[in-house]
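Take a look at the model below. We will start with its pockets and then turn to its cores.

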Amino acid sequence: MVTKAVLFDVDFTLIYPGPTFRGEGYHAFCTRYGIDVEPSKFADAVASAAPLLNGPEDAPYNAEIFIAYTSHIIREMGGRGPNVDACSREIYEEWAACQHFELYDDVPAVLQTLANAGIRIGLISNTQRCLTSFQSHFELQGLIAATVSSFEHGYMKPHPSIFSAALERLGARPDEAVMVGDSIRQDIEGALRVGMRAVLVHRGEAPPARASELGVPVIRSLAELPDLVIE
């Protein structure tokens, strides 16, 4: 099947958080608000907060979802007190700033390879980040044909309308497009539901069993993607 468009999730697919959004970074945020947290508890706190991002499929974009997620992480790191909410709101606002993130090493070459093959590239992100500044910050101008953020669109993945909006901007039908992302529910199941194909990016050791149940390819690096989508 000919692939005319490839849509990418952004966070943890193309970029990953730098020190600002790791254990020591959270510790620094919290310290400014008089909150005492234990950085070593950060990884477990993030894992326990993850289900908070899996709300109803028809949920509109709501900053409070992410603020509650961040507050949960702070509390699981031991943070208490009346300033947890204010600290969480600052962290949420800073999440939109590209300078706090790193681009995965495999991204530029893969996007260039896809573009050279005539494939139109799109971005869909469940954040409030400006995707235009994202492209300029990471020097990806000229490679990305369309972007849709949930903040701009109004709904978050896996809502079908956000995928449809991106496909319309790319001029592609669902069966001509592939979604690439790290979230089974938001990226993979959302894309399959609208008739797209999907590829799961899982940079860890053991991919989730759900990927096999859905019959979607799993890659550990984006460098594996061109062989799956270029004829």
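**Pockets and cores**

Helix H3 gives the lining of the largest pocket its largest share, 5 residues. Helices here are DSSP runs of H or I, at least four residues, numbered from the N terminus. A pocket is an open set of points on a 1 Å grid over the protein atoms alone, where a 1.4 Å probe fits, with protein on both sides within 12 Å along at least five of seven lines; lining residues have an atom within 4 Å of a point. This is a predicted model: local features need pLDDT of at least 70, side-chain atom pairs count only at pLDDT 80 or more, and totals for chains, interfaces and linings use all residues. Residues are numbered from 1 along each chain as its sequence is written, and side-chain values use heavy atoms, with hydrogens and water left out.

The largest pocket holds about 930 Å³ of space. Its lining counts 38 residues, with Phe 12, Leu 53, Tyr 69, Trp 95 and Gln 186 nearest the centre. Helices H2 (42-49), H3 (63-76), H4 (84-94) and H9 (184-193) each supply at least two lining residues.

The second largest pocket has about 150 Å³. Phe 12 lines this one, and Asp 182, His 202 and Arg 203 are also among its lining residues.

Now the largest nonpolar core: buried Ala, Val, Leu, Ile, Met, Phe, Trp, Tyr and Cys residues joined through side-chain atoms within 4.5 Å, where buried means under 20% relative accessible area (1.4 Å probe, protein chains only). Among its 46 residues, Phe 8, Phe 134 and Leu 225 touch the most other members. Helix H5 (residues 107-116) provides the largest share, 4 residues.

Key. Buried means under 20% relative accessible area, exposed over 50%, partly exposed in between (1.4 Å probe, protein chains only). Grid points are joined across faces, edges and corners, and a volume is the space filled by probe spheres set on the points.
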